[in-house]
Amino acid sequence: MSELTHFNAQGEAHMVDVGDKAVSHRVAVTEGCIRLLPDTHAMVAAGTHKKGDVLGIARVAGIMAAKRTAELIPLCHPIGLTRVAVEFALDEHVADGPDGLHAVTCRVTAETRSQTGVEMEALVALQVALATIYDMCKAVDRGMVIDGVRLLEKRGGKSGLWQADTSGQAPSATGS
């Protein structure tokens, strides 16, 4: 692992200088889920929530959050996003366990052509999308759990491709 870059020689926090880095196509993919009661899951799946389309609103919230990431994360560079996709899967069996919960899995893909990566935008979008589901459903299910938030993949830039090992092993990295 390389050294932390958000600290100068005196140990003070600073914004990393990316001025000499090459502009390249960069992609980040993140994933996480929210576990909820079967009745809440059914309401989200059927679109019968009295507040409206839970997943549609969460999708828009995630996209909006990605666009505002540099305002939320203090040392994050503002970048021009070329694409943000927020996708949901309704999982009845993946999260079923002794607690009886179901899940809504969210995957975010963020892209840019920039001098710095887009991982933070994808992570912020993911977490805001999941928090929006919580906010819309909390009146009927306060026990929801947001879980498994992580970076699955990043591409582009000097470091090239990085992918999480979904088998539980250490992450893999390729590139220079």
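Predicted model: local features only at pLDDT ≥ 70, side-chain atom pairs only at ≥ 80, totals over all residues.
Let's start with the overall layout. The chain has 4 helices and 6 strands; here helices (H or I, at least four residues) and strands (E, at least two) are DSSP runs, numbered from the N terminus. Follow the sequence and you get β-α-α-α-β-β-α-β-β-β. Of the 176 residues, 38% count as buried, where buried means under 20% relative accessible area, exposed over 50%, and partly exposed in between (1.4 Å probe, protein chains only). The accessible surface of the chain comes to about 10,000 Å², with 55% of it belonging to carbon and sulfur atoms; such areas come from the Shrake-Rupley method with a 1.4 Å probe, and for residues only the protein chains shown count as cover. As for contacts (heavy atoms within 4.5 Å), take those with a separation of 6 or more: residues 24 or more positions apart account for 70% of them.

Now to the helices. Helix α2 has 14 residues and reaches 20 Å from its first C-alpha to its last, close to the 20 Å expected at 1.5 Å a residue. Helix α4 has 19 residues and reaches 28 Å, close to an expected 27 Å. That expected span is 1.5 Å times one less than the number of residues.

How do these two helices meet? Two packed helices are described by the angle between their axes and the distance between the axes. For α2 (residues 54–67) and α4 (residues 119–137), the axes come within 7 Å and cross at roughly 145°. The axes are lines fitted to C-alpha atoms, for helices over the stretch in contact, and angles run from 0 to 180 degrees between N-to-C directions. The crossing is right-handed, which is the label if the near helix is turned clockwise from the far one by less than a right angle, with left-handed for anticlockwise. On the α2 side, the residues that meet α4 include Ala-58, Ala-61, Gly-62 and Ala-65; their partners in α4 include Val-124, Ala-125, Val-128 and Ala-129. By class, this contact has 14 nonpolar, 2 polar and 1 charged residues. Ala, Val, Leu, Ile, Met, Phe, Trp, Tyr, Cys and Pro count as nonpolar, Asp, Glu, Lys and Arg as charged, and the others, Gly among them, as polar.

An α-helix has 3.6 residues a turn, so residues three or four places apart point the same way. In α2, the buried residues include Ala-58, Ala-61, Gly-62, Ala-65 and Ala-66. The buried residues of α2 pack against α1 (38–46), α3, β2, β3 (102–114) and α4. Ile-63 is also in α2, but counts as partly exposed because its relative accessibility is 28%. Setting aside neighbours within four places in sequence, Ile-63 is in contact with Val-84 and Val-86. Ile-63 and Val-108 are 45 residues apart in sequence and 9.1 Å apart in space, C-alpha to C-alpha.

Over in α4, the buried residues include Glu-121, Ile-133, Met-136 and Cys-137. Cys-137 brings us back to Thr-40, which touches Cys-137, Val-140 and Asp-141, not counting residues up to four places away in sequence. Thr-40 counts as buried because its relative accessibility is 3%. With residues up to four places away left out, His-77 touches Met-15, Val-16, Val-18, Ala-70, Thr-116 and Glu-121. At 15% relative accessibility, His-77 counts as buried.

Ala-103 lies in β3 and is buried, at 2% relative accessibility; Ala-103 and Leu-36 are 67 residues apart in sequence but 5.9 Å apart in space, C-alpha to C-alpha. Leu-152, in strand β4 (residues 145–155), counts as buried at 10% relative accessibility. Beyond four places in sequence, the residues that Leu-152 touches include Val-29, Arg-107 and Trp-162.

Technical notes: Residues numbered from 1 in each chain as written. Heavy atoms only, no water.
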